[in-house]
Amino acid sequence: VALRVNNGFVAKELAVRGLGAALVIASAAADDIAAGRLARVARRETFGYVAVRAVYRDPMPSPAARAFVELVRAVR
């Protein structure tokens with residue numbers, strides 16, 4: 001059985017609860033690794049870049065949300 005999620009936090013929490021392995025950003029799992037809740041299983045593997053998708057929830061987003069999305073677009 002394979003689970004697919006589009007949220008790194010959810011993937012990490014599923015792994016913490018013993019439901020398999022997860023591909024997560026190392027810094028997001030550092031505390032769980034240090035506490036022994038997670039273990040690295042692919043020590044030498046690199047998985048490339050992290051995809052970030054900025055989307056609006058509301059049809060008329062706040063100025064702060066619009067500014068954040070513009071910042072993300074500019075970084076590409």
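Asp 32 and Lys 12 are both buried, where buried means under 20% relative accessible area, exposed means over 50%, and partly exposed covers what lies in between (1.4 Å probe, protein chains only). Their side chains meet in a salt bridge at 2.7 Å, N to O, a salt bridge being a side-chain nitrogen of Lys or Arg within 4 Å of a carboxyl oxygen of Asp or Glu. Asp 32 belongs to helix 2 and Lys 12 to helix 1, so the pair ties together parts that are 20 residues apart in sequence. This is a predicted model, in which local features need pLDDT of at least 70 and side-chain atom pairs count only at pLDDT 80 or more, while totals for chains, interfaces and linings use all residues. Residues are numbered from 1 along each chain as its sequence is written, and side-chain values use heavy atoms, with hydrogens and water left out.

**Overall build and confidence**

- The protein has 3 helices and 0 strands, and from the N terminus on its elements run α-α-α; helices (H or I, at least four residues) and strands (E, at least two) are DSSP runs, numbered from the N terminus.
- Of the 76 residues of the protein, 13% count as buried.
- Among contacts between residues at least 6 apart in sequence, 10% join residues at least 24 apart, a contact meaning heavy atoms within 4.5 Å.
- The mean pLDDT of the protein is 82, and 87% of its residues reach 70 or more, pLDDT being the predictor's confidence in each residue, from 0 to 100.
- Confidence is lowest in helix 3 (residues 63–75), where the mean is 83, and highest in helix 1, where it is 90.

**Helix 1 and its ends**

- Helix 1 spans residues 8–16, and its buried residues are Ala 11, Lys 12, Glu 13 and Ala 15; what covers these buried residues includes helix 2 (26–34).
- After helix 1 comes Gly 18, whose phi is positive, near 85 degrees.
- Val 16 also lies in helix 1, and Val 16 is partly exposed, with a relative accessible area of 24%.
- Although Val 16 and Arg 37 are 21 residues apart in sequence, they are 5.9 Å apart in space, C-alpha to C-alpha.
- When neighbours within four places in sequence are left aside, Val 16 is in contact with Asp 32, Arg 37 and Leu 38.

**Asp 32 and its surroundings**

- Asp 32, which is found in helix 2, counts as buried at 7% relative accessibility.
- The side chain of Asp 32 makes a polar contact of 2.7 Å with the side chain of Lys 12, where a polar contact is a pair of N or O atoms within 3.5 Å; within protein, one must be able to donate a hydrogen and the other to accept it, and residues adjacent in sequence count only if both atoms are side-chain atoms.
- Another polar contact, of 2.6 Å, joins the side chains of Asp 32 and Arg 37.
- Neighbours within four places in sequence aside, Asp 32 is in contact with Lys 12, Val 16, Arg 37 and Leu 38.

**Salt bridges**

- A search of the whole structure finds 4 salt bridges, and Lys 12, Glu 13, Arg 17, Asp 32 and Arg 37 are linked in a network of them.
- Glu 13 and Lys 12 are both buried, and their side chains meet in a salt bridge at 3.2 Å, N to O.
- The side chain of Glu 13 also meets that of Arg 17 in a salt bridge at 2.5 Å, N to O; here Glu 13 is buried, with a relative accessible area of 18%, whereas Arg 17 is exposed, with a relative accessible area of 59%.

**A nonpolar surface patch**

- Val 5, Phe 9 and Val 10 make a nonpolar surface patch of about 270 Å²; patches are made of residues with over 30% relative accessible area and no salt bridge, like charges being joined within 9 Å and nonpolar side chains (Val, Leu, Ile, Met, Phe, Trp, Tyr) within 5 Å.
- Val 5, in the segment before helix 1, counts as partly exposed at 42% relative accessibility.

Key
Accessible areas come from the Shrake-Rupley method with a 1.4 Å probe; for residues, only the protein chains shown count as cover.
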